[in-house]
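Q: I would like to learn how to read pockets and helix packing from a model. Please take the features in turn.

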Amino acid sequence: MKVGGEKRYGLLLAAKDSDYVKKVYGGYFNVFLAAFGEEGETWDLYRVIEGDFPDINDLQNYDGFVISGSPCDAYANDYWILKLCFLLQTLDAMEKKVLGICFGHQVLCRALGGKVGKSYSGWDLGLRKVSVVKELAPCWFLDELGEIPASLSVIECHQDEVFEVPMGAEVIASSDKTGVEMFRIGSHILGIQGHPEYTKDILQNLIDRLLNMDAIEKGFAEKVRFGLQTAEPDRKFWERICRNFLKG
């Protein structure tokens, strides 16, 4: 699946398309493309959760990769997750740009030597204010944005989190719920715990599905929904961060 052009990126999709996202957006690939893609680029889709991976001999032809969120645990030992870890280690050694979102953020951390696990404080679901670390070392993909607000709202949907970043990594954002909301390694690895690509309607549908699975309580779901009615995620700002990182 491609959008033709010169720069080439790969989406490593670690989740199956929900019925809602298929019906409204045509699949998660289109959601990511709308958030991070630009004219004159090629984007390829790899459904890694189904065992579909890029050919190792083709990696050199990519400018970068994005790893999506997933309902699976980044610390699990399913074959496809272990294979993904090996791929990420290879991309790191090649210093290819890799952006990890939610599960992607966590599995990047695991693959490169950090620690991830189940959050001690339970679900983070809904809008969360994330603060960029003060006195951060020069960070070009943030510096190019000019003045950064004291906090940025992002949609979150996770039970797991990063406990310890890999050696050589730098934590660049945190929240009152999660200590590692963003981390980077050099100029080629970036992990974001939140979902810059999510729209509020995608999260509303996720809440419905989690309720139907008895994964969350009704009162908690109503509280999250109220928060979505009274505030907005800083989607455009997050998209600029991700695009700057991938394309800078």
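Q: Which helices and strands each supply at least two residues of the lining of the largest pocket?
A: Helices (H or I, at least four residues) and strands (E, at least two) are DSSP runs, numbered from the N terminus. Here α2 (28-36), α4 (103-111), β7 (152-158) and α6 (200-212) each supply at least two lining residues. The most comes from α6, with three residues. This is a predicted model, in which local features need pLDDT of at least 70 and side-chain atom pairs count only at pLDDT 80 or more, while totals for chains, interfaces and linings use all residues. Residues are numbered from 1 along each chain as its sequence is written, and side-chain values use heavy atoms, with hydrogens and water left out.

Q: How much space lies in the largest pocket, and which residues are closest to its centre?
A: On a 1 Å grid over the protein atoms alone, a pocket is an open set of points where a 1.4 Å probe fits, with protein on both sides within 12 Å along at least five of seven lines; lining residues have an atom within 4 Å of a point. Points are joined across faces, edges and corners, and the volume is the space filled by probe spheres set on them. The largest pocket holds about 560 Å³. Its lining has 29 residues, of which Ser70, Pro71, Cys72, Cys157 and Leu206 are closest to the centre.

Q: How does the lining of the largest pocket divide by class?
A: Ala, Val, Leu, Ile, Met, Phe, Trp, Tyr, Cys and Pro count as nonpolar, Asp, Glu, Lys and Arg as charged, and the others, Gly among them, as polar. In this lining, 15 residues are nonpolar, eight polar and six charged.

Q: What lines the second largest pocket?
A: The second largest pocket has about 190 Å³ of space. Its lining includes Trp123, Asp124, Lys177 and Phe220. Both β6 (124-132) and α7 (218-230) supply at least two of the lining residues. By class there are six nonpolar, two polar and four charged.

Q: How are α2 and α8 set relative to each other?
A: Axes are lines fitted to C-alpha atoms, for helices over the stretch in contact, and angles run from 0 to 180 degrees between N-to-C directions. Angles under 35 degrees count as roughly parallel, over 145 as roughly antiparallel, 65 to 115 as roughly perpendicular and the rest as oblique. For α2 and α8 (residues 235-247) the angle is about 85°, with the axes 9 Å apart, so the two are roughly perpendicular. Their contact (heavy atoms within 4.5 Å) involves Ala34, Ala35 and Phe36 of α2 and, among others, Glu239 and Cys242 of α8. It has five nonpolar, no polar and three charged residues.

Q: At what angle do α6 and α7 pack?
A: The angle is about 175°, and the axes lie 10 Å apart. The helices α6 and α7 are therefore roughly antiparallel. Contact residues include Leu203 and Ile207 of α6 and Val224 and Leu228 of α7. By class, six are nonpolar, one polar and four charged.
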